[in-house]
Amino acid sequence: MGPFFKLLEIMKTASKIELQHIFKYDGDYTKTFDFKATDHYDPMNNYLMAQLCGLVYDTEEEIILQVNKWNKNTPSLKLKLTVEDIDSNRFMVVSNDIFLIVVFRGTQNMENWLSDFDIALVPFQNNQDLLVHQGFYQSVLNMGSKLEKIVSNHQKNDQKVYLTGHSLGAAQAILSAFVYSELETFSNVYTFGEPKIGDWGLTKHFNLHLNSSPPSYSSRIYRNINSMDPVPYVPVFYGLRFYYHEGLFYLFAPTIGAKYVIETTGDLGNERVIDLPQKELLGWNPIHHAIGDYIENAAANKQDNVFLNRKRIVEH
């Protein structure tokens with residue numbers, strides 16, 4: 001079975017499965033929010049980011065309740081929270097005097113699905129050499145003034161800035177980092193199940209600012225990918241142009257609860273054109289895109305810094 005026929009089969013399956021399992025987290029959250037304000041990869045931060053990506057799917061009341069629990073359990077934490085719904089999209093900002101985290105929600109409604117499938121490539125910031133996924137880009141621009149205002153209200157001079165998201169929210173996180181001046185000094189972006197965002201011109205431009213080659217814990221981007229999750233491998237192309245990912249490596253979980261390995265995707269001039277893992281293709285299923293699975297994998301690695309073991313870096 002060819003890859004494109006397999007993708008059609010996956011889309012049919014997606015209409016039959018319980019999507020709330022994918023875009024909703026029903027598990028437990030950590031008792032404390034032990035986030036470290038660092039410029040480097042931190043496995044506990046990765047886990048907490050995954051938890052925030054699950055939390056942002058909840059109702060605003062549930063989100064407030066959880067943040068209040070974290071503040072109660074660690075009085076010195078003093079988290080400030082804003083949850084904002086703009087049209088069909090949602091983001092939330094969690095901050096204190098030390099850090100500021102912007103969390104983008106993934107696909108939740110029909111308008112979000114339309115954004116996902118609006119795969120036309122359009123100029124990024126009017127630059128014809130940098131082409132971006134139209135649906136993702138427009139959803140980021142639509143948050144515009146609200147996002148800027150809320151981030152500004154949370155910002156203090158010495159905070160470190162982080163962004164995170166799952167699925168559609170993952171694409172919004174990395175694009176927002178390069179769209180809004182309030183976020184351009186970001187320390188790290190952590191994404192989970194991120195789809196491809198643009199052509200080679202765009203991702204090459206982003207890569208020049210992400211410190212992701214060679215793979216190291218000093219990168220500014222950490223993409224998490226579950227085995228058998230089809231979403232990170234699409235879109236494949238639009239017209240005569242192929243789609244690519246930003247960043248030149250990703251954290252890969254071979255099975256649920258497994259230790260991460262680092263998969264590389266090439267260097268600045270030599271990324272693989274079609275990143276379709278043939279050995280996994282037959283096992284692809286949208287259920288593996290579930291935010292709960294990403295949280296479980298991050299939990300299994302929360303005390304394990306994969307970058308400290310060179311044997312777990314797979315060069316391509």
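**View 1. Q125, a partly exposed residue between two strands.** Q125 is partly exposed, at a relative accessible area of 44% (buried is under 20%, exposed is over 50% and partly exposed lies in between, with a 1.4 Å probe and protein chains only). The residue sits in the loop between β4 (121-124) and β5 (127-133), where strands are DSSP runs of E with at least two residues and helices are runs of H or I with at least four, numbered from the N terminus. Although Q125 is not a glycine, its phi is positive, about 50°. Most residues other than glycine have a negative phi. A word on the source: this is a predicted model, in which local features need pLDDT of at least 70 and side-chain atom pairs count only at pLDDT 80 or more, while totals for chains, interfaces and linings use all residues. Residues are numbered from 1 along each chain as its sequence is written, and side-chain values use heavy atoms, with hydrogens and water left out.

**View 2. D87, another positive phi.** Look next at the loop between β1 and β2, the place of D87. Phi of this residue is near 55°, and D87 is not a glycine. With a relative accessible area of 70%, D87 is exposed.

**View 3. Two cis peptide bonds.** One joins S213 and P214, with omega about 0°. P214 belongs to the loop between α8 (200-207) and β8 (221-226). The other cis bond links V234 to P235, at an omega of about -5°, and P235 is in the loop between β8 and β9 (237-238). For context, most peptide bonds are trans.

**View 4. The largest nonpolar core.** Here you meet a set of 43 residues, in which F33, L52, W70, M92 and I101 touch the most other members. Such a core is a set of buried Ala, Val, Leu, Ile, Met, Phe, Trp, Tyr and Cys residues joined through side-chain atoms within 4.5 Å. Elements that each supply at least two residues include α4 (60-73), β2 (89-95), β3 (99-104) and α10 (291-300). Helix α3 gives the most, with 8 residues. Beyond its neighbours within four places in sequence, I101 is in contact (heavy atoms within 4.5 Å) with F33, F35, M49, L52, M92, V93, V94, Y162 and T164. Apart from this core lies another, of 36 residues, among them V122, F136, L147 and A173.

**View 5. Q51 in helix α3.** Q51 is found in α3 and counts as buried, because its relative accessibility is 0%. Leaving aside neighbours within four places in sequence, Q51 is in contact with Y25, D28, Y29, T30, W70 and I295.

**View 6. L81 in strand β1.** L81 lies in β1 (residues 80-86) and is partly exposed, at 23% relative accessible area. L81 and V93 are 12 residues apart along the chain, and their C-alpha atoms are separated by 5.7 Å. Contacts of L81 outside four places in sequence include I63, I64, V67, M92 and H154.

View 7. D34 is in the loop between α2 (19-22) and α3, and its 43% relative accessibility makes it partly exposed. Not counting residues up to four places away in sequence, D34 touches M44, N45 and L48. From D34 to L48, 14 residues along in sequence, the C-alpha to C-alpha distance is 8.0 Å.
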